[in-house]
Structures are given as C-alpha cells and as structure tokens.
Amino acid sequence: MSQQYRSRPSGSGTPLSEAYDTALLDLDGVVYAGGHAVAHAVESLGTARDGGMRLAYVTNNALRTPDAVAAHLSELGVPAEPADVITSAQAVARLMADQLPPGARVLVVGGEGLRVALRERGLVPVESADDDPAAVAQGFGGPDLPWGRFTEAAHAIRGGASWFASNTDLTIPSARGIAPGNGAAVEVVRIATGAEPQVAGKPLPPMHRETVLRTGAKRPLVVGDRLDTDIEGAFNGGVDSLLVLTGVTDAALLLAAEPRHRPTYVDRDLRGLLTGQPEAAVEGDAFRCGGWTAAVRDDVLVLEGDGDPLDGLRALCGTAWTHAGDGVCGLDTAKPVARLGLG
Ligand SMILES: [Mg+2]
C-alpha cells in the first residue's frame, strides 16, 4: 500500500497489552466518566497491569496535581501512583523552562496543578502583572478562577510577557454536562490581546514528548475516546492508538474521520486491551470482518451480515475510509450504523 493515509483499522494477532509496553490512557471517557469508573475499566486495567503492561494516565486537564489525580483513580479502584499521571501542566512547564531562564517569574492563570508543575521546573509562580512576569501560563482554573486573572494576563502579555497555554480544549465534560474549557478561557485573553499562545496539550507534540520522557515507553499505545486530541496526538507522535467508544466518539464520527483522526484500532471499551484485534479483509471492492461485509453500492454505504457489532464497524471503517481517501467520507452512515446497534 502506497497511500499515506490509513484506509482501515489494523489487526493484531496478540493482545494489545502484550504487543505494546505502555498504555498512555486518556482519563475522561476512557477510565472514568462523571465521577464513576467506566464499565470494565477497573478489571481490564488490572489484568493488563498484572500481565506486565505499564499504565500511564495522560490528561489535558491542568487543574489538578498528579497526586490528586492518582488519589482519585485509586478511590475508583484503579491503583495509580502520582508518577503514573502526566498532565498538560507538566508539559507546558517543560516547554516554558526550555525557553525561559531558571527562576523566571510566571503569572499563573489556572490552578494548583499548574503552580506545582512550574515550581518543579524551577520557575516562580506570581499572581499579578505588577510582579513583572517573563511569561504567562494559562491552564484550566475551574469554577473558582476569578475574572481578574484574565485582566492580569492581558496586562502582562501587552507588557511583553510571552504566553503559554496548557491546552486549548474548548469544552470540558462535567457531572452536569459540557462546560467551558481552557480553550474558551484562552479565547478571552486572545480577544483582549490579539496575541497567540504556545500550546502544550494533546494533540500537540509537547504533551506526547512529556509522556514518553516520563514513562520511558519504547512501544506505547495511546488509548483515548477523542479523535481531535487523543488520536490526533498519537498520529502527530507517530505512535499507534486505540479508540474506545465509551466517551465522546460514536460510530458515525469515527466513519467520518479525516486521516489524522483515524485510530490504529477501535474497540468498545478497555476490554479491547486484553484481546487481539481482527482486521477487515479486502474482498474485491468490499471489506469483510467477522460475519460482516461492507461496501459502497451506487454511492450508498451498505452493510450486510451479522455477528459482533465491532467487526461490522471495522468493516465499515475500511469501506468509508477507503472511499474518503485523504478526505472525509461524505456517505450517509446512519442506516449501517443503526444496523450495528452500538451505543
Ligand atoms: Mg477523553
């Protein structure tokens, strides 16, 4: 195959937990959702770890410290040490330390996770533009972040401070639904200054670099629920990825994925770590996986057969992605997706 884009999910003859040394796991929608562990996450992660796979938890949320995230995971039944948690606060702190002199003052617009990460890199958090900061670090501050922090950031940036953001996710999931994320807060400062921040978080390389540096992973597998952060981050880092359908991505979104958003593997939930992965076989102009066959007939995406719905989805991915080439599949996927009965 000479094409530069992925035209179907890959197969794996061995369980993914054996084929890869480290799982780089997204948290929300993968391990937990709304304060509860995702179904099958606790047992699957325990089995993968007992089998020798290193587990690391990679979050774009800069608010909480690794200690706090690890404590939360352990409460849910997913034993984790602070060293197993990598945050976008750590990634942005390293990015800043690479560019600023040791001991540089940094105005913090964010929470404790960001302050701790900056101190760890020898930078000095300050609270006002009047403290003459060399840079501004902006991360998710949660509901308690006062508006005045944006004012301080704007004054500091207009005064010549360089501007860094942990991540630019526009929204953040919460127990009460979708809320404004750090990307929305970054827009506030951008509007006031006309400046552009350097960004560390997924899907950008600083976050992936931080993760690989901290875990020492030789053959990592990114595991996530979001195409434009987790899966694109893996694509940008040149590593394989597993999409799980327990979060924000459903079958229709996956079928419409552009090339950099196409995961290496797709499975229903974290049980997919413990199994091999079937590969859709090309049969003429159709894709077959398990008991399912998918093809395009008269510009209509058609799915026939039965069996494990995930196999049907893998066959559909092959057909939709091949049809899309390096673009986005414009075929109507509603009917074949409904046939799968997923979600
Ligand atoms: Mg997620």
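## Parallel strands

Strand E8 (residues 135-138) and strand E9 (residues 162-165) run parallel, joined by four bridges. To get from E8 to E9 the chain passes through helix H6 (residues 148-158), and this β-α-β crossover is right-handed. Keep in mind that we're looking at a predicted model.

## The magnesium site

Now for the metal. Three residues coordinate the magnesium ion at 2.0 to 2.2 Å: Asp-26 and Asp-225 through OD, and Asp-28 through O. Along the sequence, the donor residues follow the spacing D-x1-D-x196-D. Asp-26 sits in the loop between strand E1 (22-25) and strand E2 (32-33), while Asp-225 sits in the loop between E13 and H9, so the pair ties together parts that are 199 residues apart in sequence.

Are Asp-26 and Asp-225 buried or exposed? Both Asp-26 and Asp-225 are buried.

## Helix H9 and its surroundings

Helix H9 covers residues 227-237, and its buried residues are Leu-227, Thr-229, Asp-230, Ile-231, Glu-232, Gly-233 and Ala-234. What do the buried residues of H9 pack against? Their partners are strand E13 (220-224), strand E14 (240-244) and helix H10 (251-255).

One backbone detail to check in your viewer: just after H9, Gly-238 adopts a positive phi of about 70°.

Definitions and conventions:
Residues numbered from 1 in each chain as written. Predicted model: local features only at pLDDT ≥ 70, side-chain atom pairs only at ≥ 80, totals over all residues. Heavy atoms only, no water. Buried < 20%, exposed > 50% of the residue type's maximum accessible area, 1.4 Å probe, protein only. Helix = DSSP H or I, 4+ residues; strand = E, 2+ residues; numbered from the N terminus. Contact = heavy atoms within 4.5 Å. Pairing = 2+ DSSP bridges. Right-handed = clockwise from strand over helix to strand, strands pointing away. Donors = N, O, S within 2.8 Å, 3.2 Å for Na, K, Ca; no water.
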